[in-house]
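Dear colleague,

Please find below the structure that I am handing over to you. My findings follow directly after it.

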Amino acid sequence: MAEHIHQVIGEEIRSIAGYYSVLEEGVLEYNGRELLYLVQMAAIETSCCGRGGMGFILVPGYINALKARRNDDGLWVSDVERVEGEENRREITRLLLALHPGFQQVNFA
């Protein structure tokens, strides 16, 4: 089992070249289980080689306990189980891209 720390929706998480932000969190029913996913965007604005951006979806895993507790920073923490197996990942990717047609990339934690 793994922990997923929920970021504040819409808050910019800064890095050296720009930032990313969680636009929304969602739950997908898959094979009788609930799967947590995050719709995110990243902006590159302070890079030496140009500007850009992209949208992507991150799948932390199957939900064992959603927002079970808060960490020391006050952020929600969920217990998740990582998605294993290429066939499962391909099918989940297909389902998420159908729900969010403007996105091209799905990443698994």
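Which residue in β5 stands opposite Val-39? In this predicted model, the residue opposite Val-39 is Ile-57.

Strand pairing

The strands β4 and β5 are antiparallel and are paired over 10 bridges. A hairpin of 2 residues leads from β4 to β5. β5 also pairs with strand β6, which covers residues 76-81, again in the antiparallel sense, and here there are 5 bridges. Within that pairing, Ile-63 has Val-80 of β6 as its bridge partner. The hairpin formed by β5 and β6 has 5 residues between the strands, and Gly-74 in its turn has a positive phi of about 85°. β5 and β7, by contrast, run parallel and are joined by 3 bridges. There, Val-59 stands opposite Phe-108 in β7.

Overall architecture

The protein has 7 strands and 1 helix. Read from the N terminus, the order of elements is β-β-β-β-β-β-α-β. The C-alpha trace spans about 45 × 35 × 20 Å along its principal axes. Of the 109 residues, 35% are buried. Among contacts with a separation of 6 or more, 47% are between residues 24 or more positions apart. The accessible surface is about 6,500 Å², and carbon and sulfur atoms contribute 50% of that surface. As for charges, there are 10 positive and 16 negative ones, and their mean positions lie 3 Å apart.

In soluble globular proteins, nonpolar side chains tend to be buried together. The largest nonpolar core in this model comprises 14 residues, and those with the most contacts inside it are Leu-35, Tyr-37, Ile-57, Val-59, Val-83, Ile-92 and Leu-96. Two or more residues of this core come from each of β3 (18-30), β4 (33-47), β5 (50-70), α1 (86-99) and β7 (106-108).

Beyond its neighbours within four places in sequence, Leu-35 is in contact with Gly-26, Val-27, Leu-28, Val-59, Gly-61, Tyr-62, Ile-63, Val-83 and Ile-92.

Two individual residues

Is His-4 buried or exposed? His-4, which is found in strand β1, has a relative accessible area of 11%; this is under the 20% limit, so His-4 counts as buried. Residues up to four places away in sequence aside, His-4 touches Leu-36, Leu-38, Pro-60, Trp-76, Val-77, Ser-78 and Val-80. Val-80 is also the bridge partner of Ile-63.

Glu-11 is located in the loop between β1 (2-5) and β2 (13-14). Its relative accessibility is 39%, and Glu-11 therefore counts as partly exposed. With neighbours within four places in sequence left aside, Glu-11 is in contact with Tyr-20, Ser-21 and Val-22. Between Glu-11 and Gly-32 there is a separation of 21 residues in sequence and a C-alpha to C-alpha distance of 32 Å.

With kind regards

Conventions
Residues numbered from 1 in each chain as written. Predicted model: local features only at pLDDT ≥ 70, side-chain atom pairs only at ≥ 80, totals over all residues. Heavy atoms only, no water. Helix = DSSP H or I, 4+ residues; strand = E, 2+ residues; numbered from the N terminus. Buried < 20%, exposed > 50% of the residue type's maximum accessible area, 1.4 Å probe, protein only. Contact = heavy atoms within 4.5 Å. Core = buried A, V, L, I, M, F, W, Y, C linked by side-chain atoms within 4.5 Å. Pairing = 2+ DSSP bridges. Areas by Shrake-Rupley, 256 points an atom, 1.4 Å probe, with all protein chains shown as cover. Lys, Arg positive; Asp, Glu negative; His and termini not counted. Charge placed at Lys NZ, Arg CZ, Asp CG, Glu CD.
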